[in-house]
Amino acid sequence: MPESPALHIEKLRFQYSPRDPVVIDIDSLDVAAGEQVLLTGTSGRGKSTLLYLVAGLMEPTGGRVLVNGQDIHAMSGHTRDRFRGTSIGMIFQTFNLLPGFSAAENVMLALMFSDVPRREHRDRALALLETLGVERPNAAADELSIGQQQRVAVARAIACRPALVLADEPTASLDPDNAAAAMDLIQTACTESGAALLCVSHDPAMADRFARRASLHELSASTA
Amino acid sequence: MSITDFTIIRRSLTSRMFSTVTTAFTVAIAVGMLLVLLAMMDAGKQAFRRGSGDMHLLVTKEPSALVSVLNGIFYAGAPAAPISYAQLQRIQSDPRVAMAIPNQQGDSYAGLPVLATTAAFFADFAPTPGEPWRFAAGRTFEQPFEVVLGAKAADITGLRLGDTLELSHGRAGTETHTHNEFHYTVVGILESTGSPHDRTVFADLVGAWTVHAHDRRVRNDPDAAHTTPGGITDDDRKVTGVYVRAASRRGSNASAALGPLAYQLRQEGFMVAEPTKEIDKLFKIVGNINVIFIAMAAVVMVSSAVSIMVALYNSMEQRKRQIAVLRVLGASRGRVFGLVLTESAMLGLLGAIGGVLLALVGGFAVAEALRKTLGIVVTPIYPPEWIMLVVVSAVTLAALAGIVPAMMAYRISVAKSLRPAA
């Protein structure tokens with residue numbers, strides 16, 4: 001039996017209301033396990049919306065999203081939230097680390113909603129942060145440098161060893177050198193953890209980093 | 001150590017320390033007020049029972065039983081109508097009477113009431129059942145023109161044994177003249193009893209009769225010579241009240257003679273009051289005021305719940321991103337709802353604990369103030385079941401107040417909340 005793709009999208013449609021224009025209209029998209037895909041598109045075309053639909057944080061107007069073979073929108077709310085916590089990691093442009101919590105605690109927050117036994121949370125978070133080069137795991141997240149915060153955000157995304165990592169414009173606020181370093185980190189971390197990566201970006205410089213690229217415009221069923 | 005829901009709640013509360021402290025303090029004040037009022041209600045009743053002591057009846061010529069108790073035991077005012085000497089003798093000679101201590105009010109010293117009575121007042125009457133008078137210094141009066149000071153009266157006046165004083169005719173604020181011709185000597189100072197008697201100057205009854213005999217004589221003859229106890233007539237021997245105890249079996253407070261005795265005295269035209277019953281009546285009246293106070297405290301409690309709601313509601317705007325991140329990490333809507341609701345309940349619990357501490361300190365401060373200013377001993381009583389009830393009510397109210405902000409957290413749009421700031 002063939003292995004399920006990390007992500008399978010089928011006839012996915014989304015519009016905010018019946019009177020609003022269609023924001024997402026994707027006939028089909030597959031991301032294989034461990035595969036890294038760059039999704040490009042200009043700002044405001046629904047790239048982030050697609051990620052929230054994949055993560056089950058928004059309801060599609062139609063179609064299906066299967067993560068690791070499971071239809072995320074067919075799940076009940078509680079099951080879907082739990083599934084997201086264990087199977088999907090997310091990285092944001094502004095990292096979204098929680099202030100008032102240390103770097104290690106930010107990673108442990110992700111583990112809190114997983115099946116990982118509590119007694120292992122701290123050791124696992126510290127080991128992951130060390131691997132990713134976070135020098136002060138016990139410092140408050142908002143006291144770390146941008147580069148260190150980025151590493152913590154990546155650690156949090158892969159802490160539960162997800163099948164799929166969704167990265168939403170992860171380098172949009174960085175200069176070219178730091179953007180390259182950040183993408184090295186994200187791609188290496190995903191490769192090493194075995195997670196598939198779906199990265200959305202409007203930055204053309206990203207294209208060379210990914211073997212597989214697609215634009216939201218090309219995927220759109222209405223333009224096919 | 002792993003991160004738990006409690007860690008998130010604790011960090012949330014400490015990150016808004018000022019808001020947390022002020023909100024919890026509001027709850028603490030409400031809980032404290034409510035507990036102090038509940039504690040004082042019962043303690044106050046007990047305190048007012050002190051003073052009437054082991055008497056069964058207070059016999060006067062007042063217009064109402066309650067007024068006679070307020071005047072005769074709590075020194076609220078001077079009794080207006082006197083009891084004649086013949087009537088006093090009649091009461092004292094009744095075989096059903098075990099104790100009949102005459103007293104006379106109407107004079108004052110330095111704003112304090114004067115109770116003229118006999119030495120039996122200290123020997124036979126106990127101001128609180130089972131707690132007889134005790135002298136801090138000196139003795140009871142043995143001669144006319146000797147006085148004994150209540151503990152508070154001694155504090156207020158600064159008088160000591162051997163000091164002399166002159167009494168004024170009329171109660172505090174309505175003194176007509178001072179009996180300069182008669183000098184009284186302090187022969188005893190009482191220990192505190194926690195009753196209104198502590199603020200009283202006790203004078204020998206024969207002395208008081210002598211002074212008023214002199215007043216009578218001077219009214220008839222301005223050049224009348226100094227009056228001595230020998231110059232007293234039966235008409236001068238008036239009293240304003242009699243503390244009566246009916247005969248009872250040894251060791252028992254109940255008396256079968258009490259009912260018939262009271263009935264007969266009423267038939268003879270006396271106002272016969274049973275102090276314990278009158279105090280209960282008084283507390284029924286005051287009880288309505290207590291209900292108002294408790295209602296006020298309840299309103300403060302509800303206000304404090306509203307302040308919790310407002311504080312959490314306002315914090316939601318800042319916490320949208322935090323809640324959205326938790327949702328992304330796998331927290332369900334129900335779980336974030338529960339987090340906010342528990343945080344609200346925690347604020348209530350913190351406030352309730354603070355309130356209990358405030359009540360313990362405040363109750364004793366109020367009791368001390370009452371003891372110092374009014375001489376009334378009140379021991380605040382905090383039954384554990386009341387404390388539990390008030391704490392549980394505060395936490396429940398706080399949790400209810402958290403429903404609106406928790407609903408906000410429940411409905412937060414993750415996509416909108418995580419959108420990078422423009």
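Author: Angles under 35 degrees count as roughly parallel, over 145 as roughly antiparallel, 65 to 115 as roughly perpendicular and the rest as oblique. Axes are lines fitted to C-alpha atoms, for helices over the stretch in contact, and angles run from 0 to 180 degrees between N-to-C directions; helices (H or I, at least four residues) and strands (E, at least two) are DSSP runs numbered from the N terminus. This is a predicted model, in which local features need pLDDT of at least 70 and side-chain atom pairs count only at pLDDT 80 or more, while totals for chains, interfaces and linings use all residues. Residues are numbered from 1 along each chain as its sequence is written, chains are lettered from A and ligands numbered from 1 in the order in which they are written, and side-chain values use heavy atoms, with hydrogens and water left out.

Reader: Are H2(B) and H11(B) roughly parallel or roughly antiparallel to each other?

Author: Helix H2 (residues 17–49) of chain B packs against helix H11 (residues 384–401) of chain B with the axes 11 Å apart and an angle of about 155°. With that angle, H2(B) and H11(B) are therefore roughly antiparallel.

Reader: How are H2(B) and H9(B) oriented to each other?

Author: The axes of H2(B) and helix H9 (residues 275–329) of chain B come within 9 Å and cross at roughly 175°. H2(B) and H9(B) are therefore roughly antiparallel.

Reader: And how are H5(A) and H6(A) oriented to each other?

Author: Helix H5 (residues 146–158) of chain A and helix H6 (residues 176–193) of chain A have axes 10 Å apart, at an angle of about 20°. H5(A) and H6(A) are therefore roughly parallel.

Reader: Which three residues supply 25% of the area that chain A buries against chain B?

Author: Buried area is the accessible area (1.4 Å probe) that two parts lose on being put together, summed over both; between chain A and chain B it is about 2,300 Å², with 65% from carbon and sulfur atoms. The three that supply more than any other three residues are A:Phe101, A:Met112 and A:Phe113.

Reader: Which side chain meets that of B:Arg327 in a salt bridge?

Author: A salt bridge is a side-chain nitrogen of Lys or Arg within 4 Å of a carboxyl oxygen of Asp or Glu, and the count between chain A and chain B is two. At 3.1 Å, N to O, the partner of B:Arg327 is A:Asp81.
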